[in-house]
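Student: I am new to this structure and would like to learn how to read its features one by one. Could you take me through them slowly?

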Amino acid sequence: MKHSNRNRSDEEDNARLVYTISKEWPFRLVKVVTFLVIFAAGLVFGLAASSHVRYFTSTSELFFPTYRNPPIQRKNSYVTGETNCGKGDCLDFWTFVKPNQLNHSMTDEQLFWRASMLPRQSKYPFKRVSKVAFMFLTRGPLPLLPLWDRFFKGHEKLFSVYVHTLPSYKLDVAQDSAFYGRQIPSQEVWWGSPTLTDGERRLLANALLDFSNERFVLLSESCIPIYDFKTVYKYLIESAESFVDSYDDPSRYGRGRYSRSMLPDVRLYQWRKGSQWFEMSRFLAVNIISDTKYYTLFRKYCRPSCYPDEHYIPTYLNMFFGSLNSNRSVTWVDWSRGGPHPATFGGEDITEGFIEAIRNNGTECSYNSRQTSMCYLFARKFAPSALEPLLNLTSSLLKF
């Protein structure tokens, strides 16, 4: 009996438990669902807020950039040509088209390669004013430098000066001189040897690094101008041809110096002779310093009684660019006294009549397909004693 009552009581308890669970379950489910909904909503809101913050930050950075480290403030180098590179090298447009200084550590091979570069675009990305490069090949001092400084004065944007001396010589001039800081890295040069032509090509290559240089004049320490700068500049810049002396000399001093070892690249009928004191365009200058094949032949076979400075450039231009050359020099020289060297003129020779005689020496030449009596712009050789008399003529006859 007791056992029966206990069973009935257990059944009633189980029934009440099932009823309680069944009654509370919906509320628990609602709590769980509500929690999940709130959690999901919070997660979505958090992600959205984070994305909004990143977007806002990105947008703010776009219009109001901030930096952990302040940026280096630089002037517009395209306008001013200035950089903040300090003492180190930097890739700068202006130092590429016009080096700030002439000193460098390049070998000749590296220099010629660098100078041989030609822009494929015909239009320059800057206002280019054509300049004349005056290249002085000398062993040391420039005794006529004051005359040249007076010649250059007031025309600084229209010319460049380059000086090749012995490596041991340091050109010491005033800071306001056109020659200040214009000494290029050089090597030993001996008269009559291939090293003389090396010096000429070295001058051309250094001058070619300035993209504004359009015409190139080779001069010595004994050369003088016989006209004012404006006249010389106009004559050269407006010329359609270069002025490299080049002619066929059938004597032993011309064809007699030819070596058959140059066959088949250089033949006797192509062989030419001429004065080393040339003037040429940028186009010809680039081609001359780019040549390795023919110059190697001249270095090897044009010796010892053959002088490369008198034959290499005249022959090379005759072979490949004859139509671009006038085959004459613009530097007057007097060979009338005979001997291996031209006449030298000192102070006692300098008069207005003497300079006029050089200008109007009866020579006729072609200039831009027209005949003219104005054939020479420079003259040599002049001794240091000629300086003072020449300076006295600058205001009257020479006009500078």
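**Reading a helix, a sheet and the disulfides**

Tutor: Let us begin with helix α12 (residues 387-398), which has twelve residues although its end C-alpha atoms are only 13 Å apart, short of the 16 Å that a straight helix would reach at 1.5 Å a residue. The expected span of a helix is 1.5 Å times one less than its number of residues, while helices (H or I, at least four residues) and strands (E, at least two) are DSSP runs, numbered from the N terminus. This is a predicted model, in which local features need pLDDT of at least 70 and side-chain atom pairs count only at pLDDT 80 or more, whereas totals for chains, interfaces and linings use all residues. Residues are numbered from 1 along each chain as its sequence is written, and side-chain values use heavy atoms, with hydrogens and water left out.

Student: Which residues of α12 are buried, and which are exposed?

Tutor: Buried means under 20% relative accessible area, exposed over 50%, and partly exposed in between (1.4 Å probe, protein chains only). In α12 the buried residues are L387, L390, L391, L393, T394, L397 and L398. They cover an arc of only 165° around the axis, which puts them on the same side of α12; the arc is that of the directions from the helix axis to the C-beta atoms. On the other side of α12, E388, N392 and S395 are exposed.

Student: What do the buried residues of α12 pack against?

Tutor: With contact meaning heavy atoms within 4.5 Å, the buried residues of α12 pack against α5, β4 (224-225) and α11 (352-359). Just after α12, K399 takes a positive phi of about 65°.

Student: How should I read the open sheet, and what is the order of its four strands?

Tutor: Two strands pair if DSSP finds at least two bridges between them. In this open sheet the order is β2-β1-β3-β5, with mixed pairing. At the edges stand β2 (159-164) and β5 (279-281), each with a single partner strand, so one side of each is left without a neighbour in the sheet. From one strand to the next, the twist averages 20°.

Student: In which sense do β1 and β3 pair, and how do β3 and β5 run?

Tutor: Strand β1 (residues 131-137) and strand β3 (residues 213-219) pair in the parallel sense over six bridges, and M135 stands opposite L218 in β3. Helix α5 (residues 145-152) packs on the sheet, touching β1, β2 and β3, and its direction makes about 180° with that of β1; such angles run from 0 to 180 degrees between N-to-C directions, and axes are lines fitted to C-alpha atoms, for helices over the stretch in contact. By contrast, β3 and β5 run antiparallel, joined by three bridges, with F216 opposite M280 in β5. Six of the seven residues of β3 are buried, so β3 is largely enclosed by the rest of the structure.

Student: What is a disulfide, and how many does the structure hold?

Tutor: A disulfide is a covalent bond between the sulfur atoms of two cysteines. Here the criterion is a pair of cysteine sulfur atoms within 2.5 Å, and the structure holds two disulfides. One joins C302 to C306 (S to S 1.9 Å), and with -75° about the S-S bond this link is left-handed. The other joins C365 to C375 (S to S 2.1 Å). This pair links distant parts of the chain, with C365 in strand β7 (residues 365-367) and C375 in the loop between β8 (370-372) and β9 (378-379), ten residues apart.
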